[in-house]
Amino acid sequence: MSYLLIGNISALICNDCIEPLANARIRVYLPAAHAPVTPQPNGIFNDMQPLSAREVLMKADRLLAETTLDEKGGFSLSWNEVHLFTEALELDLCLDQLPGKNGNRHPRNYHLSRLVLPWKRNSTGYVGAYAYVIPATLWQNIYSSAGAWLITGVVKPYFSAPRQPHLKVEAYNALSGRLLGIAHTDDSGRYFLHFSRDQIGTGRPQAIIPGRKNLGPDVYFKVYRNNHLLWAEDERMGLSRERRDIAPCSNINLIYKSSKVKRASDQIGNWFSDIITLKGTRKSKSDKFRLITQYSLL
């Protein structure tokens, strides 16, 4: 008999948005010889517990299976029967690098759960499922320790409900004018923009600026459709309270509206162009009439 475990691991960024843990690794272990008889309660919002390199090494001989999560945080693991389906298993997570290949790179190991999985019997063995969602506070702490930032949100017009897919979003540091990162909206109009401390580039040490607990940038945005500028914020927007010193995980929705002033100026420009053209046309006709009159007098 064999075992097949499928599932998903993701993290909360805000109340209505999650981030899949692409390229993270999940490990499944046999229970320790002296493990408690009763496994810990299982819940998708249990806090992860960090593991030292020594703790990971000490349990290496109990490893059943390991795999890398796909871009949506999904995974599939299988192994041959070497334990009872009523036994508790241990599940650990390794984050070598954060999603978006962001922040400093080194192994970050966490214990997820110790539980008896809900196995279902079929003709070839047992099939089970497991899902875990990292709490927002813990996920933000992980980003902070890695020197990394994530900004997400939806992009949509001011007078229209539908969200805008396939737009390019650029974020800039208001203190330096430097580009922080580029993202594209998905089919639901949401963007995920990653950058690290190296990309902030303020040119001055932010640690000495009073009130900056996150040491993050002040941000403003530009939005493009088909590489044509659709909407651009004033740099001073980065100095507003909600855009200053942004947290490592931030949700910023971008609601834009077209500039009526710009459209009016375009119309005025076209009007002047028409007047000049019309004046030139009338002048040429007048000159032609004057030449004809002079010829007749001769």
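**A first look at a mostly stranded model**

Of the 298 residues in this protein, 41% count as buried. Keep in mind that this is a predicted model. Let's start with the overall makeup. The protein has three helices and 18 strands. Its accessible surface comes to about 17,500 Å². Carbon and sulfur atoms hold 55% of that surface.

How do the contacts run along the chain? Take those with a separation of 6 or more: residues 24 or more positions apart account for 72% of them.

Now the inside. In soluble globular proteins, nonpolar side chains tend to be buried together. Here, the largest nonpolar core has 39 residues. Which of them touch the most other members? They are Leu 5, Ile 9, Leu 21, Trp 79, Leu 93, Tyr 130 and Trp 139. Strand β1, residues 2-14, gives this core its largest share, six residues.

Look at Leu 21 next. Leaving out residues up to four places away in sequence, Leu 21 touches Ile 9, Leu 93 and Trp 139, among others. Its partners also include Leu 69, Leu 95, Pro 99 and Ile 134. Ser 10, Asp 70 and Gly 73 are on the list too, as is Ala 11.

There is a second, separate core, with 20 residues. Among them are Ile 151, Val 169, Leu 180 and Ile 200.

On to Leu 179. This residue sits in strand β13, residues 179-184. Is Leu 179 buried or partly exposed? Its relative accessible area is 35%, so Leu 179 counts as partly exposed. Not counting residues up to four places away, Leu 179 touches Glu 170, Ala 171, Tyr 172 and Gln 199. Tyr 220 is 41 residues from Leu 179 along the chain, and their C-alpha atoms are separated by 9.9 Å.

Last, two loops. Most residues other than glycine have a negative phi. Asn 23 has a positive phi, near 75°. Where is Asn 23? It is in the loop between β2 (17-20) and β3 (25-29).

Asn 227 also has a positive phi, near 65°. Asn 227 lies in the loop between β15 (219-225) and β16 (228-232). Why does Asn 227 count as exposed? Because its relative accessibility is 62%, and the cut-off for exposed is over 50%.

To recap: three helices and 18 strands, a largest nonpolar core of 39 residues, and a second, separate core of 20. Thanks, everyone.

How values were computed: Residues numbered from 1 in each chain as written. Predicted model: local features only at pLDDT ≥ 70, side-chain atom pairs only at ≥ 80, totals over all residues. Heavy atoms only, no water. Helix = DSSP H or I, 4+ residues; strand = E, 2+ residues; numbered from the N terminus. Buried < 20%, exposed > 50% of the residue type's maximum accessible area, 1.4 Å probe, protein only. Contact = heavy atoms within 4.5 Å. Areas by Shrake-Rupley, 256 points an atom, 1.4 Å probe, with all protein chains shown as cover. Core = buried A, V, L, I, M, F, W, Y, C linked by side-chain atoms within 4.5 Å.
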